[in-house]
Amino acid sequence: QVILTADGEGVKSGVIFTSRDSGKTFTRIDLPFYPFKPITYHLSNPDYLLVSSIDKCLWLSKDFGNTWIKVHDNIQTYTWGQGDTLFFSTSLKLTVDADRRGELLLMRTEDLGNTFTTVASKIFSFGYLGGFLFTSVVKNAGDPRVIYISTDQGDSFNQAQLPSATMEQFYSVLEADNEMIFMHVDEPGDTNFGTVYTSDAQGILFSKSLEHHLFTMLGKSDFTNITSLRGVYLTNVITEDGYIQSVISYDSGGEWISLNKPENEECDTSAQNCNLHIHGEYSVFNNKAPMTPLSDPSAVGIIIAHGSVGDSLTRPDVFVSDDGGYSWNKTLKGPHHYALLDSGGIIVAVEYYPEKPIKTMKFSTDEGQSWKSYNFTDLPIIFVGLASEPGTKTMNISIWGYRPEDEYKATWVSVTIDFEALLNRDCEEKDYVEWVAHSTTEQNKGNEGCVLGYKEKFRRLRKLSVCRNGRDYIIIREQSPCLCTKEDYMCDYGYYRHENSSECVKQADFKDQDLELCLNGEEEVLQTTG
């Protein structure tokens, strides 16, 4: 399903074009409002749509945009929760900058806008991710901000045990699932970095994970969850001399290390340390690279990213990892847009020239080891981007762009390519091979794939097999428990790991202090051992 938003002269309200057949046909719908933010899909029901208007109203559609109902006035931010639950922040007094003063209410509706419940007040901001509901609150005037977290959709909240933040600092939830939270806490001053903390399963007790983590005052961070392999996260740090360097964790933030240099790429002779560094959101924002790293759960182990080798980030080329970031291969020179199709069986790439017309795309059926070129049009276009349905199951990709006609007009073009004509053979059992995650390089052979208490064995496509996984392809995974090591455990509350060490050291801030917290309205004293 596809939705396009339209704008133009004389348009008094919003217009969208919807398609239920992958863009082959579109239906025009005139909206009773003018959209302010991109339309948000429901997590499981594609007919449910949510969007805010320029006059700060929240609108809901239950029939893929054909009809709309107003949910609430004067909203600030909003998100889907579990099931049909909606969360949004509002200020009933219609005050200006209520979010800056911590005067917002957090509202919840569990029946798509028929009834409402106020679940928190006097908040600055909120978020919902991985089953955790977060609020940023100031208890009393003049106090620093603190984070409260709910695991029951807002019925109850507990204060997260994190460093407090002044009005000049901020918190940011980097990632969360049903087991833990990654939280960035800004450093005082305009440093453009902070500290990453990881939580326990309840989201209450946090331990220090990574210092000098890049996060700019404009809200740009390179933190990336590598969804193609469990436990893998990638981000960038700022060194003391201001350079940006990449680090990766294979154990959900327990340890962070530099990325290995690809075997087919060499560093400049002036480099003191030869590692791979990956461009993320910060580089995209500054037009240093056109895309952030790409991975997907259905394409096991595969990561595509822009990067460079040396002491720090420089000009981007395209690199591919087939084992979750342990090893890398330089696969394309210069910046590209890229996409995964057929559960990773196909990689599509288009060279990125902001103003130069193109007519050629590239594709690979062996995880980026080799590439073929295809002319998708006779008349070149100014390339804008790639579009496909969410996920990587599809074998169709649309290339968007335009052809300038004169100084003020252009013809927009979309070319859809169906790779089923190329891969016309369904994959058979002989086309797959067994692969044990976290065990493919010298760096990790000692643990035989044991990470965070169990091993995972996958069935994945052989690189030389030219066939289609198909839309019905299912990941076959075998899990087996294994003995944990020190590295598999988080440090206790108030402790952290020194770099390149498995020992947990008590944080200086907590020395000679009792570790107390309020849990479900009762004060408890923590007994910690590190």
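**View 1. Tyr 326 is a buried residue.** Tyr 326 has a relative accessible area of 3%, so it counts as buried (under 20% relative accessible area is buried, over 50% exposed, in between partly exposed; 1.4 Å probe, protein chains only). Tyr 250 is also buried, at 9% relative accessibility. This is a predicted model: local features need pLDDT of at least 70, side-chain atom pairs count only at pLDDT 80 or more, and totals for chains, interfaces and linings use all residues. Residues are numbered from 1 along each chain as its sequence is written, and side-chain values use heavy atoms, leaving out hydrogens and water.

**View 2. Aromatic pairs, with Tyr 250 and Tyr 326 as one of them.** The whole structure holds 16 aromatic pairs (rings of Phe, Tyr and Trp, its six-membered ring, with centres within 6.5 Å; planes under 30 degrees apart are stacked, over 60 edge-to-face, the rest tilted). Tyr 250 and Tyr 326 are stacked, 3.8 Å centre to centre with 5 degrees between the planes. Tyr 250 lies in the loop between β21 (244-249) and β22 (257-258), and Tyr 326 in the loop between β25 (317-321) and β26 (329-332), so the pair ties together parts 76 residues apart in sequence. Strands (E, at least two residues) and helices (H or I, at least four) are DSSP runs, numbered from the N terminus.

**View 3. A ring cluster.** Ring pairs join Phe 182, Phe 223, Tyr 233 and Trp 256.

**View 4. Charges over rings.** The charged end of Arg 459 sits over the ring of Tyr 432, 3.9 Å from its centre (NZ of Lys or CZ of Arg within 6 Å of the ring centre and within 35 degrees of the ring normal). Arg 145 has its charged end over the ring of Phe 124, 5.3 Å from the centre. Tyr 432 and Tyr 473 are both buried.
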